[in-house]
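Please look over the structure below before reading the notes. They are grouped by topic and can be checked one at a time.

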Amino acid sequence: MRTDTMDLINGDRLKSDAFNKVGLHVLPKGTIIHSEEIALLIRQSIHHVDIEPRDHTESRLPAEGDEFSQRLRENFDLTIQGYQSIFLEALTTGKFNQTMVDDKLKPFLETIDDRKDVVSLLLMLGRDDVNLYNHSLQVGLLSYYIASWLGYSKDEIYNISKAGYLHDIGKSQVSQSIRNHADELTGEDLEEMRRHTQYGYDIIRSSMAGDDTTALVALQHHELEDRTGYPLGIGKKEIHPYSQIVAVANVYVKLTSSSIGRPKQSLIAVLREVYGLGFGKLNEKPVQALIHNLLPNFIGKNVLLSNGEMGTIVFNHPTDIFKPLVKVNDFFRDLSRERDIAIEEIYLE
């Protein structure tokens, strides 16, 4: 399958050797494509390559059958590919085209603008294996919602979402071996990974003249209010409000995906952990906005309980928000009373 280099995605496999214009052998047949390989092809002015057919047996998003899901599917991959292009441009040149950010992000946000059931949306996106590109889009999306729940203006909401979308752009300057390290990072590798905040700050300032706030979010999104974050170890008063929002979205998306030594958690378990971080580490305002706007969306969702039973959430207790009332067949389980039973998984349908 002949493919434009800029349309390559992680996991593509070369069907034939890749040569540059003067016949130099650049990549062998069978190479698995990652961002570094794409950057190499770009530097060698190789505009098209042959790849093995992609496996389309599983769609990125479930087939919901309604108009919203169709529009979402049409825009989701385009926005991911847009971020990939931005990331690769930053990797090869140290900057990116700001117009491309707006051209890719705005249509996607317009698609989800009227979506009220945010839980269903997050469950849809959360079914993908989360890579750097997917993670960045999800953080941008959730930042958009948190900002809207906090009452920001339309322009501010978009700027906060854009900051979330670009928060990890500095990882383009971190070596692929560190970015894709299979085990937990330590020592100098960990320090280099943490430098992505400063790299992102510099890249955005070089790419988006006059937009110091977006650059500041890239710098600050790992800062914590108790001064245990990085890179500067600043406290609550020094962290920009936009950075506080993106930090909450970033932690949420990270916790909803599987990681080293920890399997993927249910949304309620994730929200409970984020809720706890709102007491001293993450800013309480975006944390509370996230919790109190997502929990009502759980009502009516099917769940798997830790005792193996399937049920449906019918009521959220206002005084015990993570222990709802669940209908199981013809009876009810009040998890606020049956403390030994927990929700293991929440399903879209």
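The model is predicted. A search of the whole structure finds nine aromatic pairs, and a search for cavities of 30 Å³ or more finds two.

**Helix α5**

- Helix α5 covers residues 132-149 and has 18 residues.
- Of the 18 residues of α5, 16 are buried, so the helix is largely enclosed by the rest of the structure. Buried here means under 20% relative accessible area.
- The N-terminal end of α5 is capped by Asn 131. One of the side-chain oxygens of Asn 131 lies 3.1 Å from the backbone nitrogen of Tyr 133.

**Aromatic rings**

- A pair of aromatic rings is described by two values, the distance of the centres and the angle of the planes.
- Among the nine aromatic pairs is that of Tyr 144 and Tyr 145, with ring centres 5.5 Å apart and planes at 90°, so this pair is edge-to-face. Both Tyr 144 and Tyr 145 are buried.
- Tyr 275 and Phe 322 also form a pair, with ring centres 5.5 Å apart; their planes are at 70°, which makes the pair edge-to-face because the angle is over 60 degrees.
- Tyr 275 belongs to helix α12 (residues 267-277) and Phe 322 to strand β7 (residues 320-328), so their pair ties together parts that are 47 residues apart in sequence.
- Are Tyr 275 and Phe 322 buried or partly exposed? Tyr 275 has 27% relative accessibility and therefore counts as partly exposed, whereas Phe 322 has a relative accessible area of 9% and is buried.
- Tyr 83, Phe 87, Tyr 133 and Tyr 165 are linked into a cluster by ring pairs. Tyr 133 is also the residue whose backbone nitrogen lies 3.1 Å from the side-chain oxygen of Asn 131.

**A charge over a ring**

- Lys 106 has its charged end over the ring of Tyr 158, at 5.1 Å from the ring centre.

**Cavities**

- Rolling a probe the size of a water molecule over the atoms shows where empty space is left.
- The largest cavity holds about 50 Å³ of space.
- Which residues line the largest cavity? The lining consists of Glu 223, Leu 224, Glu 225, Ile 239, Gln 244, Ala 247, Lys 281, Leu 282 and Asn 283.

How values were computed: Residues numbered from 1 in each chain as written. Predicted model: local features only at pLDDT ≥ 70, side-chain atom pairs only at ≥ 80, totals over all residues. Heavy atoms only, no water. Helix = DSSP H or I, 4+ residues; strand = E, 2+ residues; numbered from the N terminus. Expected span 1.5 Å × (residues − 1). Buried < 20%, exposed > 50% of the residue type's maximum accessible area, 1.4 Å probe, protein only. Polar contact = N/O pair within 3.5 Å; in protein donor to acceptor, adjacent residues only side chain to side chain. Phe/Tyr/Trp six-rings, centres within 6.5 Å; stacked < 30°, edge-to-face > 60°. Lys NZ or Arg CZ within 6 Å of the ring centre and 35° of its normal. 1 Å grid on protein atoms, 1.4 Å probe; cavity = no way out; pocket = protein on both sides within 12 Å on 5 of 7 lines; lining within 4 Å. Points joined across faces, edges and corners; volume = space filled by probe spheres on them.
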